[in-house]
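This report goes through the packing, the ring contacts and the strand pairing of the structure shown below.

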Amino acid sequence: MSELSPPEVAAPQRSATAARRGSFEEFYTTELPRLVALARGLAPAHLAEDVAQEAMLVAYRRWREVSELERPDLWVRRTCANLAVSQFRRRMAELRAVTRLSGRRPPPAELSESGEQFWAAVRSLPQRQAQAAALRYVYDMPLAEIAATLGTSEGTVKQHLSRARHTLASTLGATTQEEQ
Amino acid sequence: VTDLDTLARSATRELLDRTTPDVQTRYAELQRTRTRRTTARLVAVAAAVAIAAGGWRALAGHQNVVDPAPAPTKVSNGTLLARPASRPRMWVAVEGEPPPESLSQAVAPYATVQFSADGTELVYGDRTGKIIALDMRSGEHRVLGDCPDQGCLFSLSPDGTTLASLGGGGIELTELGGSGEPRIIEVSQKPPQGPGPPAWAPDGSQLAFTTPDGVHVVDLATGDGRMVHAATDPVGLFLTVSWAPDGSALAFFDTQDRPRKGYTETDFTAMTVHLDSGTTHTLMYAGHCACLGSAPPTLTWSPDGTGVAIATTKGAARPGVVLVSLDGAEVEQLGYGSFSALAWQPLTE
């Protein structure tokens, strides 16, 4: 097996058609928690909610066209993944977060040392590999969906995931199934 | 040795378990942000229309921290003042009428010198720590208040009511004639101390400033800040930012390291960034320096909005003060020498 294996974590079952028909609020409520997790997998924890919120704001502003897409959920995930890995955009989110004069939120719950190490290793991957890996893990996405989300081919995604897997194993001192 | 898939499963489960945003609160926050940004866009459009129609005053009273300056129907370029890099109290005219001789005796070293929004007064910090407004026609002066800091480094709002300066907590806004207690705008990275304060947007709604990382804009009504340009290489120098007269764009310097033997100089490139689209344009290469004994370049947008005046530093193709068209294609030499600050008078009809 050369690409990352999806973790056995249940992804939320939702209907893209329902999202298209439904209100933005419904879409937001369904999509936000895991979107924040995606952002947290790709960006520092204190920025995750702001990054996810920024992606949702873009979707909200363009909801008329976004809701007409076949998969609005994939669109907002791509936006979030791009925001999370863009140093420039992240800096904007960071500045926005620290210059906000009111409405401060409690800090995000900390991960265990091993959990933090794992996601730090994901974040240190090249951007596309990190995005592919985070989508794979957080959403349990098949290759075709990751490819559709990132706007690339399945072959490219497979290559990204394979390389990510090798780097992660090496960084974390872990074994892979093909080694065993 | 743990299997990678086991690690991944465990880390993902933990990530999902511990990522529990308050969806309802966040949704309400999203709606407020959307409303705020939409309002800001509408205000910007309305301001542009009002300026075009000469009806700027009609906008007074909206939620800005300060009122917009009265905008005339036509603005042209008046006197361009410059401070020689080696003479921190002297101001000379690069273009137009020379300033009163008394100015150089009165102004504090490196203190702020700026024109009022209508161009009729020159505002500066004097050697006694007072803020003075000098009438350019009559030569009479009046005291506006006290400098907010020892160096008299402030920026007076376009409506003449509020000072922006750099304080211990970040950007401080002090109302002239008010209680003296500044309102603090916290910023993640304080702008480096230097010969200048943050720059007010022409409508008084925002402040622009630089940090080593780049150029930032803070909305004063909401406190929201954003980085509008990330520096190619961070540099710990105060650098000037100048607003386009219509508030749509900023002129600034991008910085890039220039390694030398044993030390690093900085290359400065004058650029503009359009605030809505984020589009940047390069105006010109403005030189390079280690800027220990010499001044970094400085700039100011021309009051008529057609170009940017740049005081270059060593290594620039055109040393001195030049006026560059907004597409960077035309460069006009205005003066020679090394200058550390510029102030350009708007002439209004």
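## Nonpolar cores

In this predicted model, the largest nonpolar core has 65 residues, and the members touching the most others are Phe24(A), Leu35(A), Leu38(A), Met56(A), Phe118(A) and Trp119(A). Leu35(A) gives a view of the surroundings: beyond its neighbours within four places in sequence, its contacts are Ala52(A), Ala55(A), Met56(A), Val76(A), Arg77(A), Cys80(A) and Tyr139(A).

In soluble globular proteins, nonpolar side chains tend to be buried together.

## Aromatic pairs

Eleven aromatic pairs are found over all chains. One of them joins Phe27(A) and Trp63(A), with 4.9 Å from centre to centre and 40° between the planes, a tilted arrangement. This pair links distant parts of the chain: Phe27(A) belongs to helix α2 (residues 24-42) of chain A and Trp63(A) to helix α4 (residues 63-66) of chain A, 36 residues apart. Phe27(A) and Trp63(A) are both buried.

The rings of Phe118(A) and Trp119(A) are edge-to-face, because their planes stand at 90°, with the centres 5.1 Å apart; an angle over 60 degrees counts as edge-to-face.

## Chain A overall

How many helices and strands does chain A have? The secondary structure amounts to ten helices and zero strands, which read along the sequence as α-α-α-α-α-α-α-α-α-α. Of the 180 residues in chain A, 53% are buried.

Among contacts in chain A between residues at least 6 apart in sequence, 70% connect residues at least 24 apart. The accessible surface of chain A is about 8,000 Å², and carbon and sulfur atoms account for 47% of that surface.

## Strand β1 of chain B

Strand β1 (residues 75-84) of chain B is mostly covered, with seven of its ten residues buried. β1(B) pairs in the antiparallel sense with strand β23 (residues 339-348) of chain B over eight bridges, and with strand β2 (residues 92-95) of chain B, again antiparallel, over three bridges. Leu80(B) has a bridge partner in each of these strands: Trp344(B) in β23(B) and Glu95(B) in β2(B).

## An open sheet in chain B

Four strands of chain B form an open antiparallel sheet in the order β15-β16-β17-β18. The edges are β15 (242-243) and β18 (280-289) of chain B, each pairing on one side only.

β15(B) pairs with strand β16 (residues 249-259) of chain B in the antiparallel sense over two bridges. In this pairing Ser242(B) has Ala251(B) in β16(B) as its bridge partner. Strands of a sheet pair through backbone hydrogen bonds, either parallel or antiparallel.

Conventions: Residues are numbered from 1 along each chain as its sequence is written. Chains are lettered from A and ligands numbered from 1 in the order in which they are written. This is a predicted model: local features need pLDDT of at least 70, side-chain atom pairs count only at pLDDT 80 or more; totals for chains, interfaces and linings use all residues. Side-chain values use heavy atoms; hydrogens and water are left out. Two strands pair if DSSP finds at least two bridges between them. A nonpolar core is a set of buried Ala, Val, Leu, Ile, Met, Phe, Trp, Tyr and Cys residues joined through side-chain atoms within 4.5 Å. Buried means under 20% relative accessible area, exposed over 50%, partly exposed in between (1.4 Å probe, protein chains only). Contact means heavy atoms within 4.5 Å. Rings of Phe, Tyr and Trp (its six-membered ring) pair if their centres lie within 6.5 Å; planes under 30 degrees apart count as stacked, over 60 as edge-to-face and the rest as tilted. Accessible areas come from the Shrake-Rupley method with a 1.4 Å probe; for residues, only the protein chains shown count as cover.
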